[in-house]
Each structure stands twice: as structure tokens, then as C-alpha cells.
Amino acid sequence: MKKAILFLVAVCTSTATIVSADTFGTGENQFEIEFVTISGDASGATGTDIGYHKTFLDPEDDYCIGAFEITYGQWDKFKAEL
């Protein structure tokens, strides 16, 4: 069981690519967020029925999503910059 868990962790960590952290805010309100790149290539799923009379379309472009949840501290700094 331990070997299976370690293998799964190794696979998950080797497939995710952390992009260099982006910096937001200025001065005391400056913070960083790490992002993971998500491949937009889902061409094999294009045209798949996803229910409610809709079909899946390939987004084609890669995109990024935060690697971790936003903290209360980051949210407070963001609000202070508005």
C-alpha cells in the first residue's frame, strides 16, 4: 500500500509544473502566488456529449491556476490595494 501511495505522489508531482510565482500588490501589500500550467489540448474530447444537449469544445490554449488556495493574508493585502 505504501508503495502505491508513493508512486501516486511521484506521478502527481512530476506532471504538475509550477510556473514562477507572480507578484501582486506593492510595498507592504505585496504578495506572491504560485501557479500550475494546465494544458489546453483536449482535442481528443472535442465533440463529447457533456449532457443538457451540449458538447465539449477544446479550449486550445494553455492556462494557469493557483497551486494553492488564497490565504486570508493575501486576500487582505489584495483588498488594501483597491
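**Fold.** I looked up the secondary structure and found two helices and five strands. I took helices as DSSP runs of H or I with at least four residues, and strands as E runs of at least two, numbered from the N terminus. Starting at the N terminus, I read the order as α-β-β-β-β-β-α.

**Ground rules.** I am working on a predicted model, where local features need pLDDT of at least 70, side-chain atom pairs count only at pLDDT 80 or more, and totals for chains, interfaces and linings use all residues. I number residues from 1 along each chain as its sequence is written, and side-chain values use heavy atoms, with hydrogens and water left out.

**Whole protein.** I checked burial over the 82 residues: 9% count as buried. My cut-offs are under 20% relative accessible area for buried, over 50% for exposed, and partly exposed in between (1.4 Å probe, protein chains only). I put the accessible surface at about 7000 Å², with 60% of it on carbon and sulfur atoms. Those areas come from the Shrake-Rupley method with a 1.4 Å probe; for residues, only the protein chains shown count as cover. I then turned to contacts (heavy atoms within 4.5 Å). Of the contacts between residues at least 6 apart in sequence, 42% join residues at least 24 apart.

**Strand β5.** I went to I65, which sits in strand β5. I call I65 partly exposed because its relative accessible area is 47%. Setting aside neighbours within four places in sequence, I find I65 in contact with E34, F35, V36 and I38. I also took the C-alpha separation of I65 and V19: 9.9 Å, for residues 46 apart along the chain.

**Loop between β2 and β3.** I found T48 in the loop that runs between β2 (31-38) and β3 (49-51). T48 is partly exposed, since its relative accessible area is 38%. Beyond its neighbours within four places in sequence, T48 contacts K54, T55 and F56.

**Loop between β4 and β5.** Next I looked at E60, placed in the loop between β4 (54-55) and β5 (63-66). I list E60 as exposed because its relative accessibility is 62%.

**Negative patch.** I see E60 again in a surface patch of negative charge, together with D41, D61 and D62. For patches I use residues with over 30% relative accessible area and no salt bridge; like charges are joined within 9 Å, and nonpolar side chains (Val, Leu, Ile, Met, Phe, Trp, Tyr) within 5 Å. A salt bridge is a side-chain nitrogen of Lys or Arg within 4 Å of a carboxyl oxygen of Asp or Glu. I count Lys and Arg as positive and Asp and Glu as negative, leaving out His and the chain ends. I place each charge at NZ of Lys, CZ of Arg, CG of Asp or CD of Glu.

**Helix α2.** Q74 lies in helix α2 and is buried, because its relative accessible area is 16%. Not counting residues up to four places away in sequence, Q74 touches F31, E32, I33 and E69. F78 is also in helix α2 (residues 72-81). I mark F78 as partly exposed, since its relative accessible area is 39%.

**Nonpolar patch.** Which residues make the nonpolar surface patch of about 470 Å²? I find I70, W75, F78 and L82 there.
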